[in-house]
Protein chains: 2
Amino acid sequence: MTEEHHGDVSPVDGVLAALADPTRRQLLDLLAELGEVTATTLAEHLPISRQAVVKHLAVLDAAGLVTGRRAGREVLYAVRPAALNATARWMAALASDWDRRLATIKRLAEAAERDALPPDGEPRQS
Amino acid sequence: MTEEHHGDVSPVDGVLAALADPTRRQLLDLLAELGEVTATTLAEHLPISRQAVVKHLAVLDAAGLVTGRRAGREVLYAVRPAALNATARWMAALASDWDRRLATIKRLAEAAERDALPPDGEPRQS
DNA sequence: TTGATGTGCAACTCCACAGTTGCACATCAA
DNA sequence: TTGATGTGCAACTGTGGAGTTGCACATCAA
């Protein structure tokens, strides 16, 4: 049990890396809209080749954001919300942590400022 | 008024691109822990040069995740939760949208399967 | 004023990754 | 079987970005 706060080996980093690419986000939007489609179909909706789409889908699959299922000679991909949900929660918790820390700092700063002033509240000359 | 669903020009993409880098996430953790510190101080806690830290801070600043404030000859950086919160909400909404769509698809699929079966529910032989 | 410390700017290297093309292999329909 | 369509693998190119070093400029303490 080391004292590290936010572990970096979580599935979160994979999701963040995957979502960093605009083309991959576009791909996810297409998948959510079209339902279950092949890489070839997806490539027809984008200005890139099928192979590029396949590589992106591999990254998204490794991140747990999509799933590929074989149907005859084609592979149908679909969106997978679980990993996205987990990352959203991770982010909200991190933001909440920052808020907590900042509130504490602000409170301490105000207390120190009060202490620095003389008891009668006279401001010191510069 | 195009029919695009999830706009990509939001502050979200900047945040995602910023969070994609592990070093940048480490930097944010350090900032949240140390409060207000300079790039030089941050560099002492990391295996990279001060200039690398400065560049990362510029990216984080552009994404709205950090703020730099001048104090004499040094610049103090601090964490900023607003953009992170916004992105967390964006992600949660997206995940919820996916859940909704998948539920609809599943419902339709089950209805279609019911229609394909004979009225008396007899399973067809393989 | 001098030395020390800290920031800002610029040029450079290096590599991971997005995207491409070409071809071999598998599957469906005729 | 043949042709058409679709996937899988491999090699290659180009570029953005992470990181470095060197130096000029600003600020603080003596």
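Student: How many residues does helix α4 of chain A have, and how far does the helix reach from its first C-alpha to its last?

Tutor: Good place to begin! This is a predicted model, in which local features need pLDDT of at least 70, side-chain atom pairs count only at pLDDT 80 or more, and totals for chains, interfaces and linings use all residues. Residues are numbered from 1 along each chain as its sequence is written, chains are lettered from A and ligands numbered from 1 in the order in which they are written, and side-chain values use heavy atoms, with hydrogens and water left out.

Tutor: Helices (H or I, at least four residues) and strands (E, at least two) are DSSP runs, numbered from the N terminus. The expected span of a helix is 1.5 Å times one less than its number of residues. Helix α4 of chain A, residues 50-62, has 13 residues and reaches 18 Å, close to the 18 Å expected.

Student: Which residues of α4(A) are buried?

Tutor: We call a residue buried under 20% relative accessible area, exposed over 50%, and partly exposed in between, using a 1.4 Å probe and protein chains only. In α4(A), the buried ones are A:Val53, A:His56, A:Leu57 and A:Leu60. They sit on the same side of α4(A) because they cover an arc of only 105 degrees around the axis. That arc is taken from the directions from the helix axis to the C-beta atoms.

Student: Why do residues three or four places apart point the same way in an α-helix?

Tutor: An α-helix has 3.6 residues a turn, so residues with that spacing point the same way.

Student: What does the face turned away from the buried side of α4(A) carry?

Tutor: That face carries the exposed residues A:Lys55 and A:Ala62. The buried residues, in turn, pack against α1 (11-19), α2 (22-34), α3 (39-44), β1 (66-71) and β2 (74-79) of chain A. After the helix comes A:Gly64, whose phi is positive, near 80 degrees.

Student: Where should I look for a nonpolar core, and which residues have the most contacts inside the largest one?

Tutor: In soluble globular proteins, nonpolar side chains tend to be buried together. A nonpolar core is a set of buried Ala, Val, Leu, Ile, Met, Phe, Trp, Tyr and Cys residues joined through side-chain atoms within 4.5 Å. Here the largest has 60 residues, and A:Leu65 and B:Leu65 have the most contacts inside it. Contact means heavy atoms within 4.5 Å. Leaving aside neighbours within four places in sequence, the contacts of B:Leu65 include A:Trp98, B:Val15, B:Leu28 and B:Leu84.

Student: Is B:Val15 buried or exposed?

Tutor: B:Val15 counts as buried because its relative accessibility is 1%. This residue is found in helix α1 of chain B, whose buried residues are B:Val12, B:Val15, B:Leu16, B:Ala18 and B:Leu19. They lie on the same side of α1(B), since they cover an arc of only 165 degrees around the axis. B:Val15 and B:Thr87 are 72 residues apart in sequence, but 7.2 Å apart in space, C-alpha to C-alpha. Beyond its neighbours within four places in sequence, B:Val15 is in contact with residues including A:Met91 and B:Thr87.

Student: Where is A:Thr87, and what is its side chain doing?

Tutor: A:Thr87 is in helix α5 (residues 81-116) of chain A, and is buried with a relative accessible area of 1%. A polar contact is a pair of N or O atoms within 3.5 Å; within protein, one must be able to donate a hydrogen and the other to accept it, and residues adjacent in sequence count only if both atoms are side-chain atoms. A polar atom of the A:Thr87 side chain lies 2.9 Å from the backbone oxygen of A:Ala83.

Student: Which residues come closest to DNA strand C?

Tutor: A residue is near a strand if one of its heavy atoms lies within 4 Å of it. DNA strand C is surrounded by 21 residues, the closest being A:Ser49, A:Lys55, A:His56, B:Thr40 and B:Arg73. A base oxygen of DNA strand C is 2.7 Å from an N or O atom in the side chain of B:Arg73. Our helix α4(A) gives the most to the surface near DNA strand C, with four residues.

Student: And which helix gives the most to the surface near DNA strand D?

Tutor: That is α4(B), with four residues. A polar side-chain atom of B:His56 lies 2.3 Å from a phosphate oxygen of DNA strand D.
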